[in-house]
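Here is a short briefing to read alongside the sequence and the 3D view.

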Amino acid sequence: MTEMNEELLARLVVGRKRDGRCNYDPLAKQALVGKCLKPGVSVARVAMLYGINANLLRTWIAKSGPAHPFGTARALPAKALESAAFVAVQVAEPVALASTPAPVALCLHVRLPNGVALDVGQVPLEAMAPVLQLLGTLACSR
């Protein structure tokens, strides 16, 4: 949980523009961004504690570091990292019954960690590639 720092609050606003908007101390902005980048900290709560707009604080966060897939430079929570898992996929080719070459068909059985099962039987190899690519992108939960 984030507690308000009175000294940081006192030095955050250094002046006002003619239109009423605030000028902010760059070091105070950097300190607020640092508070927000800690795991489990709510950006909206920090903004509310220091009396600034949450969207403005999010803009400061975005400008502070490298681009992140989710729009900010925040680290993923430990719980999200624990639930990330690879899905084990076994692909077996059926034995051809005739002596003439037959098109290769695959059977697929997938059971995800959350209990969902997927059974695909006798599908041509070319049609199975998109299914395997899709399975590789799934985020699995436990």
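Predicted model: local features only at pLDDT ≥ 70, side-chain atom pairs only at ≥ 80, totals over all residues.

Leaving aside residues up to four places away in sequence, Leu-118 touches Leu-108, His-109, Val-110 and Leu-135. Leu-118 belongs to strand S5, which spans residues 117-124.

**Around the strands**

- Leu-118 has a relative accessibility of 32%, so this residue counts as partly exposed.
- One of the partners of Leu-118 is Leu-108; the two are 10 residues apart in sequence, and their C-alpha atoms lie 7.7 Å apart in space.
- Val-104 sits in the loop that runs between strand S3 (91-92) and strand S4 (105-111).
- Val-104 and Gln-122 are 18 residues apart along the chain, with 8.8 Å between their C-alpha atoms.

- The buried residues of helix H2 (residues 26-36) are Ala-28, Leu-32, Val-33, Lys-35 and Cys-36. Because they cover an arc of only 155° around the axis, they lie on the same side of H2.
- Turned away from that buried side is a face of H2 with the exposed residues Pro-26, Leu-27 and Gln-30.
- Helix H1 (6-12), helix H3 (43-50) and H4 are among the elements that cover the buried residues of H2.
- Which residues of H3 are buried? They are Val-43, Val-46, Ala-47 and Tyr-50. Their arc around the axis is only 100°, so they lie on the same side of H3.
- The cover over the buried residues of H3 includes H1, H2 and H4.
- After H3 comes Gly-51, which has a positive phi, near 70°.

**The second largest pocket**

- This pocket holds about 180 Å³ of space.
- Its lining is made up of Lys-17, Arg-21, Cys-22, Tyr-24, Lys-29, Leu-56, Thr-59, Trp-60 and Lys-63.
- Strand S2 (22-24) and helix H4 (54-64) each contribute at least two lining residues.
- Which element gives the largest share of the lining? That is H4, with four residues.
- Sorted by class, the lining has four nonpolar, four charged and one polar residue.

**Overall layout**

- The protein has six helices and five strands, and from the N terminus on its elements follow the order α-β-β-α-α-α-α-β-β-β-α.
- Of its 142 residues, 21% count as buried.
- Taking contacts between residues at least 6 apart in sequence, 38% join residues at least 24 apart.

**Confidence**

- The average pLDDT of the protein is 76, and 68% of the residues score at least 70.
- Where is confidence lowest and where is it highest? The lowest mean, 50, belongs to helix H5 (residues 78-83), while S2 has the highest, at 93.
- Across residues 67-76 the pLDDT is below 50, and in the model this stretch has 16 contacts beyond near neighbours in sequence.

Key. Residues numbered from 1 in each chain as written. Heavy atoms only, no water. 1 Å grid on protein atoms, 1.4 Å probe; cavity = no way out; pocket = protein on both sides within 12 Å on 5 of 7 lines; lining within 4 Å. Points joined across faces, edges and corners; volume = space filled by probe spheres on them. Nonpolar A, V, L, I, M, F, W, Y, C, P; charged D, E, K, R; others polar. Buried < 20%, exposed > 50% of the residue type's maximum accessible area, 1.4 Å probe, protein only. Arc of directions from axis to C-beta. Contact = heavy atoms within 4.5 Å. pLDDT = per-residue confidence, 0-100.
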